Amino acid sequence: MLVEHTLIPEDVIAFSKYHQQRMRELSPRQSYHMLITCLIVGAFSILLVADVLQNASEVFIYVLLFLMAVGVLLYFLSRASMPWSEGRLRRMMMTKEGEKTLGQRRLLLTPTHLQLESEEEKDEYAWSQVTDIGVTEEHAFIYLDNEAVLIIPSRAFSNDWQFQEFVTKVREYQNVNQL
């Protein structure tokens, strides 16, 4: 299957937003670890405060303040990983290095590998190098183990059915070659 498309700055911005959102989502295991850590720190703090203060109302106030501080800290930590601004990404795309990311692309899917060809280079990736596949209504993102990603916009296909067929084929080839 051959897919020809032009990568534009909006595609890179869409990937950035998708990837940052994906990175913010905690797995159940990460959520469990965060909960246990907060409970341990909270219990230790309560014991420390209760040991110093003998008045129960003061202990309650300090525990409440501690929990509020943890909530505010977690909020700001989650905001620290916000995606790059669109303006910053657009400026990056205007550099010589950024321009290499954009432009005409030809992606060839075969049962054994993916071949990506641009004006600058021609790369070949075995399906075993594909670590994940992300899909939105407007893009497919093929994550590679060398921390690269192939961005394929749905506009490269004449209709939604062909785009879905492409995604299905990519998943099929990846699953067959991961065994």
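These are my notebook entries on a predicted model, taken feature by feature.

**Ground rules.** I number residues from 1 along each chain as its sequence is written, and side-chain values use heavy atoms, with hydrogens and water left out. Since the model is predicted, local features need pLDDT of at least 70 and side-chain atom pairs count only at pLDDT 80 or more, while totals for chains, interfaces and linings use all residues.

**Confidence.** I looked up pLDDT, the predictor's confidence in each residue, from 0 to 100. The protein chain has a mean of 78, with 72% of its residues at 70 or more. Helices (H or I, at least four residues) and strands (E, at least two) are DSSP runs, numbered from the N terminus.

**The sheet.** Next I traced the strand order. Four strands make an open, antiparallel sheet that runs β1-β2-β3-β4. Pairing here takes at least two DSSP bridges between two strands. I found five bridges between β2 and strand β3 (residues 113-118), in the antiparallel sense. Leucine 107 has leucine 116 of β3 as its bridge partner.

**Salt bridges.** I count a side-chain nitrogen of Lys or Arg within 4 Å of a carboxyl oxygen of Asp or Glu. How many does the structure hold? There are three.

Arginine 106 bridges to glutamate 4, with the closest N and O atoms 3.1 Å apart. Arginine 106 is in strand β2 (residues 103-109) and glutamate 4 in strand β1 (residues 2-7), so this pair ties together parts 102 residues apart in sequence. Arginine 106 is partly exposed at 36%, and glutamate 4 is partly exposed at 44%. My classes go by relative accessible area: buried is under 20%, exposed over 50%, partly exposed in between (1.4 Å probe, protein chains only).

Arginine 155 meets aspartate 11 at 2.5 Å, N to O. The arginine lies in the loop between β7 and α6 and the aspartate in helix α1 (residues 9-24), so the pair ties together parts 144 residues apart in sequence. Buried or partly exposed, I asked of aspartate 11? Aspartate 11 is buried, at 1%, and arginine 155 is partly exposed, at 46%.

Glutamate 172 and lysine 169 come to 3.9 Å between their closest N and O atoms. Both are in helix α6, three residues apart, about one turn of the helix.

**Serine 154.** I found this residue in the loop between β7 (149-153) and α6 (160-178). Serine 154 is buried because its relative accessibility is 18%. Leaving out residues up to four places away in sequence, serine 154 touches Glu137, Glu138, His139 and Phe163 (contact means heavy atoms within 4.5 Å).

**Aromatic rings.** Rings of Phe, Tyr and Trp (its six-membered ring) pair if their centres lie within 6.5 Å; planes under 30 degrees apart are stacked, over 60 edge-to-face, and the rest tilted. The structure holds six aromatic pairs. One of them, tryptophan 127 with tyrosine 173, is tilted, at 5.5 Å centre to centre and 55° between the planes. Tryptophan 127 is buried at 0%, and tyrosine 173 is buried at 14%. I also noted a cluster in which ring pairs link Phe15, Tyr18, Phe141 and Tyr143.
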